[in-house]
Amino acid sequence: MPRIVMKFGGTSMAGIERIRHVAGLVKREAERGNQLAVVVSAMAGETDRLVQLCKEAAPLYDPREYDVVVASGEQVTAGLLAITLQGMDMNARSYMGWQLPIRASGHSAALIDHIDASVLESVFAQGGIAVIPGFQGITAEGDLATLGRGGSDTSAVALAVAVKADRCDIYTDVEGVFTTDPRIVPRARKLQAVTYEEMLELASVGAKVLQTRSVGLAMRYNMPLQVLSSFEDRPGTLIVGDDKIEELNMEQQLITGIAHDKNEARVTLTGLPDRPGTVAAIFAPLAAANINVDMIVQSGAGLGGVSTLTFTVPNASLAHAVASLEKAQDTIGFETITTDTDVVKISAVGIGMRSNAGIAAKMFETLAERGINILAISTSEIKVSVLVPEDYTELAVRVLHTAFGLDAEQAA
């Protein structure tokens, strides 16, 4: 009997009517003879509301108590969906992360250590449907832990791996993965399939369809993913390995997609001493605070004077980053620290970059022609990212999408 993990995002769970619609999709899969575990997000906007309450209570909040607050959103939708399914004569029951249990370490961006599948195996054996709140687990100390924003995707993939599911279906408010955001570029194209590696890069640089960690986990265990719309009964996008792309006989584009991420804050330290160990002294406290650093640009180093270092962090981590650096100012030796949240990261992604030179040059030239100044650059084997002023977001995305031949003949 096929085994599927279904995951529904916040827009799919935004109110009782939408929850009823989700219950209908779950019932349809159950009637097809599939064993089901269903992972749900909080209602759209609910997690943002809870996070804001934490910030209002204390800007430098305790991560343990933060987890207690923000995990409540998913618990509500899990219970409501189970109640709705029961009203449709389905054998459904909700299971909190601690009841399975989902073992995790850390707070606010916890890592999954292990999932005990025995409870779910018992549910499947009895023909039941398990409804599980995404985003949460339990620490070794017995504390509630959350997996970071978008963590319900990671919960779903991890559960699919734990129960050896045939696939993991991610239902969201879009029909699949597009070459860019259709709200910015109406002629964006839906992709039939993308590789794990490309999706990992797209997710890491701002594509909102899937959380980065969930894609990395799927790639590690070769778990088939499918991105589908909760509202349109149409084929979605498969996320597969390179070999599967070749089996599908698909023409590989040089660039697969253009992504943008406004969740970036720029931090600049000036007057840094030009000596060994300075950079290490900057990033050690950030690492200790579990703050991810992305783009890094240093100028003036090696000239015997002072240098300047610029880097980016997620907007949500900015206050903690600044606090950590100011606390270590005497050790680091910087003169001033400035921040800027009016920036956006624009990225071009595609495995075609491996065998084609000149992608970065074309990207820089395209932006220059439109007078868009580049503030920072980062690259990988299949990605080029630039930081630009936020006011140029839509223009940058549109001109790059056209420049790399991604426009569809008709609007999506």
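Tutor: What follows is a short talk through a predicted model.

Student: Start with β9. Which residues does it cover, and how many of them are buried?

Tutor: Strand β9 spans residues 167-172, and five of the six are buried. The strand is therefore largely enclosed by the rest of the structure.

Student: Which strand pairs with β9 on the β1 side of things, I mean in what sense does β1 run against it?

Tutor: Strand β1, residues 3-8, pairs with β9 in the parallel sense, over five bridges. Within that pairing, M6 stands opposite D169 of β9.

Student: And β11, how many bridges does it make with β9?

Tutor: Five bridges, again in the parallel sense. Strand β11 covers residues 225-229. For a specific pair, take C168, whose bridge partner in β11 is L225.

Student: OK, switching to T268. Where is it?

Tutor: T268 lies in strand β14, which runs over residues 264-273.

Student: Is T268 buried or exposed, and why?

Tutor: Buried, because its relative accessible area is 14%, and the cut-off for buried is under 20%.

Student: What does the T268 side chain make a polar contact with?

Tutor: The side chain of T310, at 3.1 Å.

Student: Which other residues does T268 touch?

Tutor: Leaving aside residues up to four places away in sequence, T268 touches T308, L309 and T310, and also T336, I337 and T338.

Student: Now the backbone. Where's the cis peptide bond?

Tutor: Between L100 and P101, with omega at about -5°. P101 sits in the loop between β3 (92-94) and β4 (102-105).

Student: Which residue has a positive phi of about 65° without being a glycine?

Tutor: D89. That residue is in the loop between α4 (72-87) and β3.

Student: Why does D89 count as exposed?

Tutor: D89 counts as exposed because its relative accessibility is 73%, and exposed means over 50%.

Student: What about K164, what's its phi?

Tutor: K164 has a positive phi too, about 55°, and is not a glycine. Its place is in the loop between α6 (151-162) and β9.

Student: Buried or exposed for K164?

Tutor: Exposed, with a relative accessible area of 70%. The loop holding K164 leads back to β9, the strand with five of its six residues buried.

How values were computed: Residues numbered from 1 in each chain as written. Predicted model: local features only at pLDDT ≥ 70, side-chain atom pairs only at ≥ 80, totals over all residues. Heavy atoms only, no water. Buried < 20%, exposed > 50% of the residue type's maximum accessible area, 1.4 Å probe, protein only. Helix = DSSP H or I, 4+ residues; strand = E, 2+ residues; numbered from the N terminus. Pairing = 2+ DSSP bridges. Polar contact = N/O pair within 3.5 Å; in protein donor to acceptor, adjacent residues only side chain to side chain. Contact = heavy atoms within 4.5 Å.
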